[in-house]
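Subject: Structure handover

Hello,

Here is the structure I promised to pass on. My notes follow below it.

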Amino acid sequence: MEGKYYLTTAIAYTSGKPHIGNNYEIVLADSIARFKRKEGYDVFFQTGTDEHGQKIELKAQEAGVTPKEFVDKVAGVIQGMCDMLNISYDKFIRTTDDYHEAQVQKIFKRMYAQGDIYKGAYEGMYCTPCESFWTESQLVDGKCPDCGREVKPAKEEAYFFRMSKYADRLIKHINEHPEFIQPVSRKNEMMNNFLLPGLQDLCVSRTSFKWGIPVDFDPGHVVYVWLDALSNYITGIGYDADGNSTEQYKKFWPADLHLIGKDIIRFHTIYWPIFLMSLGEPLPKQIFGHPWLMMNGGKMSKSKGNVIYVDDLVDFFGVDAVRYYMVHEMPFENDGNATWELIAERTNSDLANTLGNLVNRTISMSNKYFGGVVCDKGAALTEKDSQSDRDLRLTAVGTLTKAAGKMEELRVADALTEVFALFKRCNKYIDETEPWVLAKDPEKADRLSTVLYNLVESIVIGASLLEPFMPETAEKIVAQLNTSLRDFDKLETFGLYPNGQKVTEKPEILFARLDMKEVEKREEEILAAMQAAAAGEAGAADSGETAGNGRAGGNASDASRAKGVEDAVMDMEPKPEITYDEFAKLQFRVGEIISCEAIPKSKKLLCSQVKIGSQVKQIVSGIKAHYAPEEMVGKKVMVLVNLKPAKLAGVLSEGMLLCAEDAAGNLALMTPEKEMPAGAEIC
């Protein structure tokens with residue numbers, strides 16, 4: 001036994017049904033948990049739902065139900081999706097659970113009693129979806145720096161946490177524990193952007209809404225959602241603020257790994273450690289901020305109709321194909337990409353060809369040549385045979401070490417690649433040994449038997465390593481070979497498959513090749529339904545964005561974009577009215593794009609040189625998915641010319657190109673109806 005391993009995901013916010021970008025994290029965590037169990041660790045894997053806050057209170061009002069009824073329904077959907085994806089969690093916590101709410105009240109009271117929390121008043125800009133207050137200086141283009149949505153002025157009585165009291169201690173901890181925040185880029189971001197410039201005290205209660213855990217000694221206040229939600233990592237395993245924590249808590253805390261999305265890294269690497277310091281509890285050993293899973297290079301948004309839901313994918317591709325894609329296609333540090341076409345291509349190439357065909361051929365040849373009986377005759381006719389056998393065996397018994405090394409670094413996609421490298425080596429071994437040729441010569445029967453044994457043994461090793469990532473597929477493979485999956489401590493020995501064992505007579509097709517036309521048809525049906533629903537929903541959670549300064553949203557599939565949307569209308573949530581004087585501050589002019597190029601290492605940004613009168617302005621726009629650089633040149637476009645310059649991907653942008661955006665996230669540059677000179681004023 002290797003000892004304990006406590007792993008958590010961020011708990012899912014119950015504002016609505018999660019999309020594949022949200023589900024990626026739980027599959028990643030499940031792969032880690034299953035791998036650790038196979039390594040011999042006593043694993044406790046916790047996930048769950050975050051259920052309080054103003055956003056949920058408002059959504060419940062819109063739905064005509066109580067907040068508790070609303071979150072009960074959504075939490076059921078989220079837990080159901082976890083179960084559908086075969087997630088092996090040990091605990092599914094809800095922040096509306098009685099024991100959690102009671103402990104959060106105790107935690108708040110304790111922090112207040114020891115002077116870490118004090119009462120004051122807050123005045124600033126508030127983002128309802130993020131449930132975050134911001135100062136004017138923290139806003140980006142006047143919007144929330146986290147999600148880019150509108151913020152509104154807010155003032156209310158509140159309790160505050162003295163963050164500065166623990167800031168130096170946290171900086172020291174981060175410097176002394178380089179593994180604490182991963183990847184390193186996330187650590188640098190937190191240190192340089194937040195900790196080193198100095199922390200402001202944090203608002204930890206609200207009075208403007210009721211759906212939260214009440215501050216029991218001041219009933220007009222509810223606990224701020226982050227203090228509530230973050231505490232789940234300790235309340236879920238039995239923490240007690242009065243000092244009566246359970247044996248389970250004493251065993252598993254501190255957490256070995258908090259697995260979270262990069263967008264909430266600040267809350268987990270600054271707020272959460274400081275809260276723990278206030279409670280006198282050890283800090284988690286590691287916090288990993290994983291990248292996002294995007295669609296066509298853009299962030300998924302329900303209102304744009306470009307969301308992919310895992311239940312749709314599972315219904316079409318199957319659970320393990322979806323798990324494989326989510327894990328395999330996500331880089332360690334950079335954002336990944338998801339489309340129906342890419343998932344289908346991976347299913348055909350990796351799962352149907354590399355893996356499925358290997359298992360099917362091996363079983364079929366064993367049945368055809370030896371009645372299904374697998375025996376190691378130890379026969380090699382030439383030195384080339386011996387070399388091929390040695391190389392295959394070394395690859396098979398060496399895969400565990402390679403995969404485990406990658407998993408230790410949380411490079412889960414790379415670990416899965418190592419497993420498939422073994423399957424690819426098996427296919428190469430078939431090409432080297434040519435069993436169909438050996439079968440023609442009765443004197444080479446022992447050599448043929450040896451070849452098939454080596455393949456079966458290697459496949460069993462590979463399937464045992466595949467289990468954490470694709471558990472159902474791994475079980476199906478060994479069931480067809482009439483054996484069982486092996487513990488990891490038995491994977492570095494070659495030859496454990498029993499001599500004389502019989503494989504199944506009729507091999508099951510693990511993954512059928514997909515017709516890309518059928519994939520496209522199914523995708524179009526689902527996207528059309530979502531776009532129709534999105535077009536009818538005013539005030540959706542994710543508002544459309546204007547292209548310019550890198551703020552273009554995600555785009556729909558090529559197929560849906562080609563169709564166009566004729567005679568369609570869109571309703572949007574109205575923004576606050578402005579005066580004519582406010583509008584007059586904006587200067588719009590016609591510009592002519594004289595050159596354009598893609599920004600290296602950026603998936604969505606184009607850099608255009610735009611002639612406006614006698615001036616040329618450089619403008620960066622997030623429209624790469626919609627326009628090629630060469631088709632931009634010569635266009636007359638509408639430009640906001642007096643926007644404050646900003647750097648995007650290290651490139652200065654001096655204005656904004658105006659675009660229209662439909663419900664599917666498709667963009668079109670706004671151009672003058674008639675020929676106008678570059679520099680003409682738009683009024």
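Which residue stands opposite threonine 9 in β12? Leucine 259 does.

Before the rest, two words on sources. This is a predicted model, where local features need pLDDT of at least 70, side-chain atom pairs count only at pLDDT 80 or more, and totals for chains, interfaces and linings use all residues. Residues are numbered from 1 along each chain as its sequence is written, and side-chain values use heavy atoms, with hydrogens and water left out.

Helices (H or I, at least four residues) and strands (E, at least two) are DSSP runs, numbered from the N terminus. Two strands pair if DSSP finds at least two bridges between them.

β1 spans residues 3–9. It pairs with β12 in the parallel sense, over three bridges. Strand β3 (residues 41–50) also runs parallel to β1, joined by six bridges. There, tyrosine 5 has valine 43 of β3 as its bridge partner.

β1 is mostly covered, with six of its seven residues buried. Buried means under 20% relative accessible area, exposed over 50%, and partly exposed in between (1.4 Å probe, protein chains only).

Helix α12 (residues 319–328) is mostly covered too: 10 of its 10 residues are buried. Among them are Asp320, Arg323 and His328.

**The four-stranded sheet**

Look next at an open sheet of four strands. Its order is β6-β5-β7-β9, and the pairing is antiparallel. β6 (132–134) and β9 (202–203) stand at the edges. Each has a single partner strand, so one side of each is left without a neighbour in the sheet.

β7 covers residues 152–161 and pairs with β9 over two bridges, in the antiparallel sense. Phenylalanine 160 stands opposite cysteine 203 in β9. Helix α10 (residues 265–279) packs on this sheet and touches β6, β7 and β9. Contact here means heavy atoms within 4.5 Å. The direction of α10 makes about 30 degrees with that of β7. For such angles, axes are lines fitted to C-alpha atoms, for helices over the stretch in contact, and angles run from 0 to 180 degrees between N-to-C directions.

**A pocket and the cavities**

The terms first. On a 1 Å grid over the protein atoms alone, a cavity is a set of points where a 1.4 Å probe fits but cannot get out. A pocket is an open set with protein on both sides within 12 Å along at least five of seven lines. Lining residues have an atom within 4 Å of a point. Grid points are joined across faces, edges and corners, and a volume is the space filled by probe spheres set on the points.

The second largest pocket holds about 400 Å³ of space. It is lined by 20 residues, and Phe133, Gln138, Gln200, Leu202 and Tyr271 lie nearest its centre. β6, α6, β9 and α10 each supply at least two lining residues. α10 gives the most, with four. The lining divides into 13 nonpolar, five polar and two charged residues. Ala, Val, Leu, Ile, Met, Phe, Trp, Tyr, Cys and Pro count as nonpolar, Asp, Glu, Lys and Arg as charged, and the others, Gly among them, as polar.

There are three cavities of 30 Å³ or more. α1 (20–38) and α15 (412–433) each supply at least two of the lining residues. α1 gives the most, with three. By type, 13 are nonpolar, none polar and one charged.

**Backbone points to check**

Most residues other than glycine have a negative phi, and most peptide bonds are trans. Here are some exceptions.

Leucine 410 has a positive phi of about 65 degrees. It sits in the loop between α14 (383–408) and α15. Leucine 410 is buried, at 9% relative accessible area.

Aspartate 141 has a phi near 55 degrees. Its place is the loop between β6 and β7. Aspartate 141 is partly exposed, at 41%.

The peptide bond from glutamine 182 to proline 183 is cis, with omega near -10 degrees. Proline 183 lies in the loop between β8 (181–182) and α6 (184–195). Another cis bond joins tryptophan 253 and proline 254, where omega is about 10 degrees. Proline 254 is in the loop between α9 (247–252) and β12 (257–261).

Best wishes
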